[in-house]
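Good morning, and thank you for coming. Please keep the view open while I speak.

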Amino acid sequence: MSVETSSRTTPAQRQEAPSVPLLELSSVTKDFLIRRTLVGSMFGVPRRRIRAVDSVDLAVAPGECLGLIGESGCGKSTLGRLALRLLEPTAGTVRFDGVDLAALSPGALAALRPRMQIIFQDPYASLNPRRNVEQIVGLPLALHTRLPPRERRERVVEALDWIGLGAEHLHRYPHQFSGGQRQRIGIARALVTHPALVVCDEPVSALDVSIQAQVLALLKRLRREFGLAYLFISHDIAVVAHLSERIAVMYLGRIVESGTTRDIVIAPRHPYTQALLSAVPHATRSTRARIRLSGDPPSPIDPPSGCAFHQRCPYAVAICRTERPVLAPAATGHAVACHLAATN
Amino acid sequence: MTDPVLRIRGLHVGFPTDTGIVRAVDGVDLDVLAGECLGVVGESGSGKTVTFLATLGLVAPPGVVTAETISWKGRDLLKLRAAEMRAVRGREIALTMQDALTALNPVLSIGTQIDETLAAHGAYRSSTDRRARAVELLQLVGIPEPARRLRAYPYELSGGMRQRAMIAVALACGPDLLIADEPTTALDVTVQAQVLELLGDLRARLGMSLVLVTHNLAIVAEHCDRVAVMYAGQVVETGPAVRVVSAPRHPYTAGLVASIPTVDRLDAEIVPIPGRIPDPRAWPTGCRFADRCGYRADDCATPQPMRPATDGGVRCCLADAA
């Protein structure tokens, strides 16, 4: 198996044809079954489904950062897990480097794992409190390579060096570190296998603004150094815009707008994107018109008819209540799923 | 200018540990004016939460609280007996905690928790009156179908609704000062905007003072009248919120501003402050920010007093007094 990754090639050096996306999701859908009550199961009540992700198309080029934004419960973390096949899609295909992940044997999929890694949101819950730093960061190497312990330790120390820790931290435990340092350890664990793609699932939302800035700068530097591709998931459009070339906006399981960061931030066309932008607090008083969303996103158990956003949309008209808008790409690649954006 | 309703001078809070005393709050002076919104900003470990826990007499032993004065509407809170303090806490000064899920009791309904607060302060004699007040409070904080939601348990509510419910509990007795400790840190930006707007709206309608404890200066710029920036157990800069954020005088404040991700200018880099807050068991004798500061000079090794200015103050020898 080609899991031996001791050669120090970085993904950037492994030239890929620019036309082939590193990660490609086509019409990916994920349903979860809801647990029935005991009485319900006795009487054969059919189990209800939640459609967490609904026919999503996404592509991430090698070395690119795609930002994925949306509120809690919109399905963005589920999508991140589908991209890494930590979850199996109900329908649709996920290709990594042109290979359909569903067609791979468990062994072949395991061989790909070192190249696709994930950084989690909660730096407290994502590190095993009973393992020291060497064990935590070395785990992917132990799983995916046959490196002897000494070389494994060298690789761990190298990864710690990238994130600003050193060999003196190898035998410390997570509780001895601050939140920001823990998140760095999670980053080292993701990068130790030299991945090509890293799914960053809200990596800075549990951190103070000052620590968040440090971790964002680190993620940016590491991406440049290693030519990493990121699928960067966050609810904060300002954080995403800082790192991404392109942004996709998700609402109730669907992509409602996608385009370059400039398109999305300067000229957002979907009212939901506009609302997300106006929710960002501004250090300098902004002249941007405020759109305040009322209420919470609707439940995916019982999604609204028509456009999923119509109940919260200040511009909704009759057609929005009955007909679901499709994601219509413009010539520039800026795509939007809104009846009203299509007409003007 | 109006007299402060809350006046804190020389507040120190220490926690003895095996390896030395953690001086979490180390000489804090703060004023909260009547009807204002004061932002208290700083990173984790700067002492902002402990300052207000101490104000409310909520620092448990072995924590040690000393202060020249903590004066609430002319009464020294340090000299109150436990029963007198209980009457102030909750009725006159209320506190909402950062994490609504842990602050609310998971096995009691929202209605019961509001009822408990009202009953504890003897505000309403009959349970029917208390129930009516609870419905009124949920309505006030914008929870739809308030009569039905009284029976809801915290786990049944979304993060934003839970935060609203906790604010309703805090407002139950009509406090004159609400201290909101990181009210939006665990929330989505859209819900954060809703909750902050609600707090500002309630302050105006109820005529109370509001202290907004946060680590995000952008929130302060949008929602507060004045701000106090805390670092390493001290206040390092105070002033009008908009001025402090747009023209910070302390290098630490400037660093916090540069850390905020913005969508106003896409080419603007986020510039993090290097390093970490020093060890609270052994604060540096000179400027506590010196080893992270890009402007460090020889004078920084000497203790830095607060330098008053016309619109606030700054604890930095390099800041030109305005």
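Let me begin with a term that we shall need throughout: a residue is called buried if 20 or more other C-beta atoms lie within 10 Å of its own. Please bear in mind also that this is a predicted model.

We start with helix α8 of chain B, which covers residues 189–206. How far apart should its ends be? At 1.5 Å a residue, its 18 residues should span 26 Å, and the end C-alpha atoms are 25 Å apart, so the two values agree. Just after this helix comes G207(B), whose phi is positive, at about 65 degrees.

Which residues of α8(B) are buried? They are V189(B), T190(B), V191(B), Q192(B), A193(B), Q194(B), V195(B), L196(B), L199(B) and R203(B). The elements covering them come from both chains: α10 of chain A is included, along with β3, α7, β8, β9 and α9 of chain B.

Let us look at that partner from chain A. The axes of α10(A) and α8(B) are 8 Å apart, and the helices pack at an angle of about 55 degrees. That angle is why α10(A) is described as oblique to α8(B). Their crossing is left-handed. On the side of α10(A), the residues that meet the other helix are A275(A), L276(A) and A279(A); on the side of α8(B), they are V189(B), T190(B), Q192(B) and A193(B). Sorted by class, this contact has five nonpolar residues, two polar ones and no charged ones.

Now we widen the view to the two chains. How many residues of chain A are in contact with chain B? There are 35, and they touch 35 residues of chain B. On the side of chain A, four helices, namely α7, α8, α9 and α10, each supply at least two residues. The largest share comes from α7(A), with seven residues. By class, the residues on this side of chain A comprise 18 nonpolar, 10 polar and seven charged.

Helix α11(B), residues 251–258, is mostly covered, with six of its eight residues buried. Those six are P251(B), Y252(B), T253(B), G255(B), L256(B) and V257(B).

Next, a helix in chain A. Helix α6(A) runs over residues 179–191 and reaches 19 Å from its first C-alpha to its last, close to the 18 Å expected for its 13 residues. How many of these residues are buried? The count is 12 of 13, and the helix is mostly covered. Among the buried residues are R182(A), R184(A), I185(A), I187(A) and L191(A). The buried residues of α6(A) pack against β6, α4, α5, β7 and α7 of chain A.

Is it buried or exposed? I114(B) has 26 other C-beta atoms within 10 Å, and it therefore counts as buried. Apart from neighbours within four places in sequence, I114(B) is in contact with A134(B), L137(B), A168(B), V169(B) and A172(B). Of these, L137(B) is 23 residues away along the chain, yet its C-alpha atom is 8.7 Å from that of I114(B).

Thank you for your attention.

Note on methods: Residues numbered from 1 in each chain as written. Chains lettered and ligands numbered in written order. Predicted model: local features only at pLDDT ≥ 70, side-chain atom pairs only at ≥ 80, totals over all residues. Expected span 1.5 Å × (residues − 1). Contact = placed C-beta atoms within 7 Å. Axes fitted to C-alpha atoms, helices over the stretch in contact; angles between N-to-C directions. Parallel < 35°, antiparallel > 145°, perpendicular 65-115°, else oblique. Left-handed = near helix turned anticlockwise from the far one by under 90°. Nonpolar A, V, L, I, M, F, W, Y, C, P; charged D, E, K, R; others polar.
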